[in-house]
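I opened my notebook to look through this structure one feature at a time. Come along and check each entry against the picture.

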Amino acid sequence: MAALCSVSQRQLERYFISILKDKPKHWLQSLRMRAALGLMRSGYSTKAAAMEMHFSGPSQFIRAFKKFYKKTPQEFAPMAACRI
């Protein structure tokens with residue numbers, strides 16, 4: 001991302017922190033998790049969402065999902081279904 005913006009990684013990080021109050025890695029992970037949740041709300045399985053979001057496998061996806069949302073995708077699914 002830094003190369004696309006023609007800045008150093010450190011400059012990009014400072015910019016993100018000053019504007020978004022977050023590091024680029026965390027911001028991208030947030031986007032990725034929200035997109036994965038959207039896929040699951042639209043009917044994707046955990047495995048399909050993991051593959052679509054380019055995780056190496058469902059277990060890595062479940063770990064990242066749980067770290068971000070504090071619930072596994074299976075625990076989150078009933079809540080997501082109620083919000084549709």
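**Entry 1: the nonpolar patch**

I kept in mind that this is a predicted model. I then asked which helices each supply at least two residues of the patch. They are α1 and α2. Tyr15, for one, is found in helix α1.

**Entry 2: helix α1**

I checked the length of helix α1, which covers residues 9-20. With 12 residues at 1.5 Å a residue, α1 should span 16 Å, and its end C-alpha atoms are 16 Å apart, so the two agree. Just after α1, I noted that Lys21 takes a positive phi of about 60 degrees.

**Entry 3: a charged pair**

Side chains of opposite charge can pair when their charged atoms come close. I looked for salt bridges, and the count came to one. Glu13 pairs with Arg10, and their closest N and O atoms are 3.0 Å apart. Where do Glu13 and Arg10 lie? Both are in helix α1, three residues apart, which is about one turn of the helix. An α-helix has 3.6 residues a turn, so residues three or four places apart point the same way.

**Entry 4: the largest pocket**

I looked up the largest pocket and wrote down a volume of about 300 Å³. Its lining includes Asp22, Lys25, His26, Gln60, Arg63 and Phe68. Helices α2 (24-41) and α4 (58-69) each supply at least two lining residues. I sorted the lining by type and got three nonpolar, four polar and four charged residues.

Technical notes: Residues numbered from 1 in each chain as written. Predicted model: local features only at pLDDT ≥ 70, side-chain atom pairs only at ≥ 80, totals over all residues. Heavy atoms only, no water. 1 Å grid on protein atoms, 1.4 Å probe; cavity = no way out; pocket = protein on both sides within 12 Å on 5 of 7 lines; lining within 4 Å. Points joined across faces, edges and corners; volume = space filled by probe spheres on them. Helix = DSSP H or I, 4+ residues; strand = E, 2+ residues; numbered from the N terminus. Nonpolar A, V, L, I, M, F, W, Y, C, P; charged D, E, K, R; others polar. Expected span 1.5 Å × (residues − 1). Salt bridge = Lys/Arg side-chain N within 4 Å of Asp/Glu carboxyl O.
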